[in-house]
Amino acid sequence: MAKIITKDLNLWYGGFHALKNISLSFESNRITAIIGPSGCGKSTLLRVFNRMNDFIEGLRQDGEVLIDGVNILNGKTDLVALRKRVGMVFQRPNPFPLSVYENIVFGERIHADSVNQDTLDEVVENSLKSVLLWDELKDKLNKSALMLSLEQKQRLCIARVIAVKPDVLLMDEPCSALDPQATMRIEELMRELKNNYTIIIVTHSMQQAARVSDDAGFMLLGELIEFGNTDQIFTAPHDKRTEDYITGRYG
Amino acid sequence: MRKFKEFIVEKLILICGIASIFFVILIFLFLLKEGLAVFKTVSLFKFLLGKNWYPISEPPQLGILPLILGSLLVTLGAAIISIPIGVGCAVYIAEVAPTQTKEILKAGIELLAAIPSVVLGFIGMVTLVPLVKNVFHLPTGLTALSGSIMLAFMAMPTIVSIAEDALYSVPKSYKEGAFALGATRWQTIHRVMLPAASSGILAAVMLGVGRGIGETMAVMMITGNAAVIPHSILAPVRTLTATIAAEMGEAVVGSEHYFALFAIGIVLFVISFAVNVTADLFLHKRQ
Ligand SMILES: Nc1ncnc2c1ncn2[C@@H]1O[C@H](COP(=O)(O)OP(=O)(O)OP(=O)(O)O)[C@@H](O)[C@H]1O
Ligand SMILES: [Mg+2]
């Protein structure tokens with residue numbers, strides 16, 4: 001089932017046309033990868049889905065972005081509710097300078113009207129378990145999250161998002177700060193998470209896109225050149241430019 | 001030739017560096033020499049905790065507790081007033097204000113920092129003192145509270161500009177992370193930005209308030225200068241600094257009174273030094 005559908009999405013940074021007529025749909029319980037050269041608008045597209053571009057001055061966008069059938073681009077959208085449903089994991093792990101525990105319950109604290117200790121403990125345990133950190137960290141919950149390894153930090157950031165119970169996970173190059181082993185393990189985690197979430201990942205690594213995604217879209221200079229099943233995109237691309245890019249002939 | 005020039009410049013800079021340290025040491029030694037002499041006649045304990053400051057009675061009573069308490073009271077009051085306003089202002093400038101308002105506010109704060117303290121004291125004397133007198137129905141408006149309010153004005157620029165820097169240097173990714181989790185602006189500020197900038201803000205407060213401890217002119221003009229142990233913030237007080245400034249002219253060189261004033265200088269020095277070092281520790285912890 002299509003979770004997110006964009007229709008003729010256009011976005012301008014001031015006079016710069018960064019997204020051009022993007023129309024595509026993202027399926028539930030699948031991992032969709034967005035690939036393309038640097039500056040083609042991958043992050044921009046991702047940040048449309050949780051309206052993180054809103055902070056940028058001079059931003060203009062038109063078209064439609066339907067999440068569960070509701071257009072989120074109009075002024076009436078409740079941004080807090082939207083961001084609860086559409087979580088985001090950033091390129092550089094960005095845990096808050098708080099304890100592991102407080103990082104995970106952050107969402108609960110800001111969204112719940114009243115918090116009770118048992119609920120918080122439960123949220124922490126469940127979230128850490130789902131990113132496979134519980135055994136490592138269960139005795140270190142009060143340690144500062146800044147003391148963790150990069151991989152642990154990124155897992156913690158994923159846990160922090162999961163704790164808010166979103167349905168969509170946006171991941172903007174989530175592994176680019178990690179070494180190959182850690183990358184493999186995060187990919188493993190993504191495959192596990194996709195049973196419960198719609199995952200969209202932006203990545204520079206074609207291998208990663210091929211390994212982890214079910215669908216893939218190739219972008220170039222703000223345009224979506226080709227979108228389809230990952231196997232098809234990587235083995236039999238319809239567009240010459242896609243082929244050039246995935247075979248490494250593109251600058 | 002070039003090497004020679006290099007050599008000369010290098011040595012000159014070295015001499016400048018050594019000279020400044022040399023002068024500091026000289027001043028400090030002088031302060032110690034003159035100040036410690038008072039302890040030939042009064043014990044340290046009696047000096048610090050003595051309740052009476054009658055330097056020209058016979059024999060002189062040299063207890064500086066009322067002065068220490070006066071300084072503390074005025075400074076504490078200033079801290080209570082300036083911390084929330086200063087930090088609030090910094091948060092507004094760093095996180096909320098639109099660019100234009102921000103520039104205007106920053107210029108205003110710099111202007112405030114540029115007002116000489118004697119001018120502030122004078123303005124305080126003719127505006128603030130009568131106001132305090134009328135509002136609290138006091139016999140005189142020359143009180144610790146007036147001093148506190150005035151000092152708060154003086155501490156504000158330091159607090160605002162350093163706290164603002166601290167907020168700016170919080171990584172943008174923290175803010176993004178909070179917003180992406182659905183936090184509102186206020187939640188982001190108080191749950192993420194303020195804790196992340198806390199050591200810098202603490203340093204800002206200490207430096208701002210620390211400046212108050214050493215402040216003399218304005219305080220002398222509006223606190224009433226009564227060297228008695230204050231029982232409330234609405235009583236006249238005399239601070240350590242004001243005591244030195246007011247009495248140095250009339251103290252006979254080499255008298256106990258004279259030595260005692262230098263000893264007060266040492267006490268001030270120690271307090272300021274401690275505050276600055278602590279603030280420094282917090283600033284470095286941040287980096
Ligand atoms: N805030 C902004 N203001 C103006 N232009 C911007 C802004 N953010 C991005 N751009 C421009 O929009 C284009 C797309 O940027 P975007 O960050 O989406 O690219 P990307 O595909 O994610 O690149 P990368 O792979 O390097 O992360 C770039 O040309 C960039 O310079
Ligand atoms: Mg990007």
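Trainee: Where in chain A is Asn21(A) placed?

Mentor: Asn21(A) sits in strand β2 of chain A, where strands (E, at least two residues) and helices (H or I, at least four residues) are DSSP runs numbered from the N terminus. This is a predicted model, in which local features need pLDDT of at least 70 and side-chain atom pairs count only at pLDDT 80 or more, while totals for chains, interfaces and linings use all residues. Residues are numbered from 1 along each chain as its sequence is written, chains are lettered from A and ligands numbered from 1 in the order in which they are written, and side-chain values use heavy atoms, with hydrogens and water left out.

Trainee: Why are α3(A) and α4(A) called roughly perpendicular to each other?

Mentor: Helix α3 (residues 100-111) and helix α4 (residues 117-130) of chain A pack at an angle of about 115 degrees, with their axes 9 Å apart. Angles under 35 degrees count as roughly parallel, over 145 as roughly antiparallel, 65 to 115 as roughly perpendicular and the rest as oblique, and α3(A) and α4(A) are therefore roughly perpendicular to each other. Contact means heavy atoms within 4.5 Å, and the residues that make it include Ile104(A) and Val105(A) of α3(A) and Leu120(A) and Val124(A) of α4(A). The residues of this contact divide into 8 nonpolar, 3 polar and 3 charged.

Trainee: What are α4(B) and α6(B) to each other, and why?

Mentor: The axes of helix α4 (residues 99-114) and helix α6 (residues 144-168) of chain B come within 8 Å and cross at roughly 140 degrees, and α4(B) and α6(B) are therefore oblique to each other. Among the residues that meet are Ile109(B) and Leu112(B) in α4(B) and Phe153(B) and Val160(B) in α6(B). This contact divides into 8 nonpolar, no polar and 3 charged residues.

Trainee: How many helices and strands does chain A have, and how do you know how compact the chain is?

Mentor: Chain A has 10 helices and 10 strands. The globule rule is 2.2 Å times the number of residues to the power 0.38, and the radius of gyration is taken over C-alpha atoms. For chain A that radius is 18 Å, close to the 18 Å that the rule gives for 251 residues, so chain A is as compact as a globular protein of that length. Its C-alpha atoms fill a box of roughly 55 × 45 × 30 Å, taken along the principal axes.

Trainee: How many helices and strands are there in chain B?

Mentor: Chain B has 12 helices and 2 strands, and its C-alpha trace spans about 75 × 75 × 35 Å along the principal axes. Pro59(B) is placed in the loop between β1 (53-54) and β2 (61-62) of chain B, and the peptide bond from Glu58(B) to Pro59(B) is cis, with omega near -5 degrees.

Key. Axes fitted to C-alpha atoms, helices over the stretch in contact; angles between N-to-C directions. Nonpolar A, V, L, I, M, F, W, Y, C, P; charged D, E, K, R; others polar.
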